[in-house]
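Let's walk through a structure together, one feature at a time. Take a look at it first, and then the questions can start.

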Amino acid sequence: MSRPTTSSTAAAPAKPATRRNVLPGRLSPGMACDTAFRIIARRHLDAVLAQHDGTCRGDPDALHQIRIALTHLRTAIRFFSPMVDDALRPSVWAELRWLNSQLGMVRDLDVAIERVVAESGEELAVVAELQHWDEKRAESHRLLARALQSARFRRLVEQTSTWIESGPWSTRRSKEAVRLRRCPLADHATARLTEWEETLLRRARRLRKLDVEKRHKLRLLNKRMTYSVESLADLFADESLTKQKSILKQLRKAQKSLGQLNDDARGQALAASLNGAGPEAGIRFLDRKRERKLLRTASKAYRKLDKAKPFRSSDLAPNSTPDD
């Protein structure tokens with residue numbers, strides 16, 4: 001199926017602010033949290049920018065990757081709160097949330113269209129329905145491309161990059177602020193992962209009773225946990241690497257199932273917004289048998305995760321001593 005493309009002579013893609021701090025290439029267990037935050041946040045902001053042009057051209061894969069990178073970046077900000085919770089954070093967060101909403105509509109349409117195509121065959125009625133989906137996608141992509149080529153997007157990149165490098169959070173002089181910045185990464189990560197894992201598993205025990213909105217929130221918490229473990233990959237080695245892979249395996253299984261359930265809910269809502277597509281457009285996203293199967297898969301993954309030993313500081317600092 002063809003996808004719309006956008007050729008633009010608009011201003012050049014946004015670039016991050018000049019970086020004053022030369023940082024290590026990898027994370028280490030004893031690394032101070034302020035340094036670790038900059039490394040992780042830089043990686044994900046750079047990944048967002050790497051997919052900018054492809055997303056503007058209408059490449060669905062680039063769109064998927066830019067959303068992943070953006071979610072990683074937003075997760076990093078959450079992961080290192082309250083250290084980075086300064087006066088500018090709400091503004092930075094609001095702009096990142098705006099960008100996520102711009103990307104989300106087109107991505108939701110891509111997923112819905114893939115579902116329709118996969119289940120349609122060559123039925124003439126479905127071919128006609130796909131025209132409505134493609135029109136909606138083309139319209140949404142035009143709006144997205146305009147947003148990505150806007151002055152607002154360029155300001156977002158500049159503001160976020162500057163804030164990561166030298167926001168007020170990095171110079172506050174209170175004892176608590178200094179302590180948070182100097183805290184060894186392994187200590188902070190252990191506490192944060194333990195807290196998030198406990199919350200995730202507690203809510204997951206009620207998975208089958210959750211409505212669509214609460215299930216969506218569980219999915220976001222699952223994603224937050226998954227992306228944080230992935231961002232800390234530099235810290236795992238030997239036996240702890242095996243544990244990390246095992247935990248990620250279960251998190252990703254649950255994430256996939258919850259993601260498909262969320263895609264179905266979004267697809268149904270989008271179908272209802274299509275002009276002239278007919279009532280059958282939304283029916284294809286209602287499948288109780290599929291829903292039960294996905295819930296079983298997610299529940300099984302959470303039971304296995306619940307049986308695994310929780311993260312310990314030694315998992316993130318195997319046979320190592322804090323850095324100077």
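Q: Where do I begin? What does the accessible surface of the chain come to?
A: Accessible areas come from the Shrake-Rupley method with a 1.4 Å probe, and for residues only the protein chains shown count as cover. Here the chain has an accessible surface of about 16,600 Å², and carbon and sulfur atoms own 50% of that. Keep in mind that this is a predicted model, where local features need pLDDT of at least 70, side-chain atom pairs count only at pLDDT 80 or more, and totals for chains, interfaces and linings use all residues. Residues are numbered from 1 along each chain as its sequence is written, and side-chain values use heavy atoms, with hydrogens and water left out.

Q: How many helices and strands are there in the chain?
A: Helices (H or I, at least four residues) and strands (E, at least two) are DSSP runs, numbered from the N terminus. In this chain you'll find 13 helices and zero strands.

Q: Is threonine 226 buried or exposed?
A: Threonine 226 counts as buried because its relative accessibility is 4%. You'll find threonine 226 in helix α9.

Q: And threonine 171, buried or exposed?
A: Threonine 171 has 54% relative accessibility, so it counts as exposed. It sits in the loop between α6 (151-166) and α7 (175-182). Its C-alpha atom is 9.5 Å from that of arginine 181, a residue ten positions away along the chain.

Q: How do I read contacts? Which residues is threonine 226 in contact with?
A: Contact means heavy atoms within 4.5 Å. Skip the neighbours within four places in sequence, and threonine 226 is in contact with Leu248, Leu251 and Arg252. For the chain, take the contacts with a separation of 6 or more: 81% of them are between residues 24 or more positions apart.

Q: What is a nonpolar core, and how many residues does the largest one have?
A: Think of a set of buried Ala, Val, Leu, Ile, Met, Phe, Trp, Tyr and Cys residues, joined through side-chain atoms within 4.5 Å. The largest one here has 73 residues, and Leu27, Phe37, Phe80, Leu232 and Tyr302 have the most contacts inside it. Helix α1 (residues 33-50) gives the most to this core, nine residues. There is also a second, separate core of ten residues, including Leu109, Ala112, Leu130 and Ala271.

Q: What does phenylalanine 37 touch?
A: Leaving out residues up to four places away in sequence, phenylalanine 37 touches Ala76, Ile77, Phe80, Met83, Val84, Trp163, Ile164 and Trp169.

Q: Which residues lie nearest the centre of the largest pocket?
A: Of its 43 lining residues, those are Arg67, Arg219, Leu220, Lys223 and Asn262. Helix α9 gives the largest share of the lining, twelve residues. To sort a lining by class, count Ala, Val, Leu, Ile, Met, Phe, Trp, Tyr, Cys and Pro as nonpolar, Asp, Glu, Lys and Arg as charged, and the others, Gly among them, as polar. This pocket's lining then has eleven nonpolar, twelve polar and 20 charged residues.

Q: How many cavities of 30 Å³ or more does the structure hold?
A: Two. The largest cavity has about 60 Å³ of space, and its lining divides into six nonpolar, four polar and no charged residues. α3 gives the most to that lining, with four residues.

Technical notes. On a 1 Å grid over the protein atoms alone, a cavity is a set of points where a 1.4 Å probe fits but cannot get out, and a pocket is an open set with protein on both sides within 12 Å along at least five of seven lines; lining residues have an atom within 4 Å of a point. Buried means under 20% relative accessible area, exposed over 50%, partly exposed in between (1.4 Å probe, protein chains only). Grid points are joined across faces, edges and corners, and a volume is the space filled by probe spheres set on the points.
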